[in-house]
Amino acid sequence: MTARRLVLLSALALVGFAGNSLLCRAALREGGIDAASFTSLRLLSGAAMLWLVIGLDGLRRRGDVGRRAAQADALRPAPAPVPGDWASATALFGYALLFSLAYRSLGAATGALLLFGAVQATMLGQAWRLGEVLRGWRLAGVFVAAAGLLVLLLPGAHAPAPAPALAMAGAGVAWGIYSLRGRRGGPPLAATAGNFLRALPFAAIASLATGAAWHANALGLACALASGALASGLGYALWYAALPSLRAATAATLQLAVPVITALGAVALLGEPLGPRLLLAAAAVLGGIALIIRAPG
């Protein structure tokens, strides 16, 4: 893969990941859609986009010869089992629902920072549980990042409310678990597509349980579909296309840009303020995580 193509794929994927926060907040802050419906539409459109990408890639690989036969075969039920697994799908659904619930109140930038911090804390916790010892710069990074989250959550005029902050932290934990389970091998894009599909029954149950709260306008529907199909489905497809050409530390470092892109987008597109508390917290959290990632083992 050329360097230009790698940069383009990575940048588009990171913008897509940041777009999830912006789209969710835009849809939910004015009551454009309820959280359960947003979650269901996001997972449904994400699953559709992922399977479309996989199907088109399969046709491309088969080449021009026999394409019509391949298209006919694609319409028949595939005998192979759906990739992914139910435990991962449960974690994916938990992340998506808590993410939507949190963004009813949280600003996009604050939510992205809390989510990112919780994801990294979950993965570090698993590493510690498996016997990895943090020392030196990595240990310093943990303390700096934790101090940043503490600054963000301390009581004050600009502190997020406890309930949505806790929901977003839960979303981060769920995504961290999902990411850890994804390391077990297998084609990551196919597994993600399968897990999106498996998460749909959970989303349907959540929607049925909150049927009295159903509501959606054009903006809410458009944001939910864009979040699923573009920011999630296409975003993951682009990221997994770039990932084999990225070193692990580079890929992890690039993800530090997601809360920054979200914050800039929140200011430019949603009119959210970027106060000193959030700036200080972001600098500490992202700087601490960068130390953890880049420090020698």
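A charge is taken to sit over a ring if NZ of Lys or CZ of Arg is within 6 Å of the ring centre and within 35 degrees of the ring normal. In this predicted model, the charged end of R42 meets that definition with the ring of F99, at 5.0 Å from the ring centre.

F99 also takes part in aromatic pairing. The structure holds 10 aromatic pairs. In one of them, the ring centres of Y95 and F99 lie 5.4 Å apart, with 50° between the planes, so the pair is tilted. Pairs with planes over 60 degrees apart would count as edge-to-face, and those under 30 degrees as stacked. Y95 and F99 both belong to helix α4, which covers residues 86–102. They are 4 residues apart there, and about one helical turn separates them. Both residues are buried.

A further pair joins F196 and Y236. Its geometry is edge-to-face, with the planes at 65° and the centres 6.1 Å apart. F196 is part of helix α8 (residues 188–209), whereas Y236 is part of helix α9 (residues 218–242). The two positions are 40 residues apart in sequence, so the pair ties together separate parts of the chain. F196 has a relative accessible area of 2% and is buried. Y236, at 6% relative accessibility, also counts as buried. Both values fall under 20%, the cut-off for burial.

Beyond its neighbours within four places in sequence, S88 contacts Y178, R181 and N195.

Helix α11 spans residues 257–270. Its 14 residues, at 1.5 Å a residue, should span 20 Å. The expected span takes one less than the number of residues. The end C-alpha atoms of α11 are 19 Å apart, which agrees with that expectation. The buried residues of α11 are V258, P259, T262, A263, G265, A266 and L270. Just after the helix comes G271, with a positive phi of about 70°.

Terms used:
Residues numbered from 1 in each chain as written. Predicted model: local features only at pLDDT ≥ 70, side-chain atom pairs only at ≥ 80, totals over all residues. Heavy atoms only, no water. Phe/Tyr/Trp six-rings, centres within 6.5 Å; stacked < 30°, edge-to-face > 60°. Buried < 20%, exposed > 50% of the residue type's maximum accessible area, 1.4 Å probe, protein only. Contact = heavy atoms within 4.5 Å.
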